[in-house]
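Visitor: I would like a close look at one kind of contact, taken slowly and with the cut-offs spelled out. Please go through the charged side chains that pair with one another.

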Amino acid sequence: MGTVLEELSAAVKGAAANVGPSVVGVGAGGSGVVVSAGVVVTNAHNLRGEETVITFADGRRAPGRATGVDVDGDLAVVAVDTAEAPAVAWSTDPAAIGDAVLGLANPGGRGLRASVGFVSATDVSFRGPGGRKVGGALEHTAPLARGSSGGPLVDSEGRLVGIDTHRIGDGFYLAVPADGDLKSRVDALGRGETPARPRLGIAVAPSHVARRLRRSVGLADRDGILVRGVEEGGPADSAGIKQGDLVVSVAGTPVTTVDELASALAGAGTSSPVAVGLVRGAEELTVEVTIAPSSSGTGSTSTKTS
């Protein structure tokens, strides 16, 4: 047992020493990792605007600018002078259940943190900051301190296997896998190509909230998505959708969850007006909405904007 622990300790120390110089602090309370010269990857929720401060392992601080932000996917790319900070090496093998992993972070630039754990599940779904369901995540058990999101998850050889996102309770944590899809997304965000997703321009609440509110005013139960707010000048506003309306269908497809709404909007596209079915009090009506693409990623399934 002593030999096993000594070998594990040596692997952790080696990986931390090799990858540590690539781990950065983002803003006042987040982490990130250098993936190439001049490029840092972090979580979208770590940014508070287009500009942020990046703190490197040696204590150097430099201004960074977000070149692309995918709020729904909780991913952002920041352009910054990385100077001598090395880029992390990417793993060429997908992570599997049982793999030992090391979580690294530099929360807000307050110093390197390292913890060890194991991959406990793959292809896990989570909600991004915009409310959209994100699939394919890695679940692992390497404990993460507050401010670790956006930091790298690496294997025993110090190769990147994921970007940590957040804890999910009971000692488990999630990371976006460092696969070909992530590389493509990072490259696109680095070029300023922020994902554009169809959106109505509404703030929404799930079906159970709508049912509770309708009962409270004596209206019959009806499945649908409650409009909590309407973006002024947005597609929904222009079509006459109002706060308190219940969205029950998009292009003839019934919608009862924010995920169904996102799928229906994606299927409808943005090329022509789309029929959106509503319930307003006891009245049922249909409005024609010209769906707008969202360039910020603040999305079509959000409990804030859709």
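Which residues are linked in a network of salt bridges?

Guide: The network of salt bridges links Asp155, Glu157 and Arg159, where a salt bridge is a side-chain nitrogen of Lys or Arg within 4 Å of a carboxyl oxygen of Asp or Glu. This is a predicted model, in which local features need pLDDT of at least 70 and side-chain atom pairs count only at pLDDT 80 or more, while totals for chains, interfaces and linings use all residues. Residues are numbered from 1 along each chain as its sequence is written, and side-chain values use heavy atoms, with hydrogens and water left out.

Side chains of opposite charge can pair when their charged atoms come close. A search of the whole structure finds eight salt bridges, and three pairs can be followed in detail here.

One of them joins Asp245 to Arg280, with 2.8 Å from N to O. Asp245 belongs to the loop between helix 4 (235-239) and strand 16 (246-250), whereas Arg280 is part of strand 18 (residues 274-280), so this pair ties together parts that are 35 residues apart in sequence. Helices (H or I, at least four residues) and strands (E, at least two) are DSSP runs, numbered from the N terminus. As for cover, Asp245 counts as buried at 2% relative accessibility, while Arg280 is partly exposed, with a relative accessible area of 26%. In these terms, buried means under 20% relative accessible area, exposed means over 50%, and partly exposed lies in between (1.4 Å probe, protein chains only).

Another pair brings the side chains of Arg191 and Glu193 together in a salt bridge, at 3.0 Å from N to O. Arg191 is exposed, its relative accessible area being 54%, and Glu193, with a relative accessibility of 45%, counts as partly exposed.

There is also a salt bridge between Arg215 and Asp221, whose closest N and O atoms are 3.0 Å apart.
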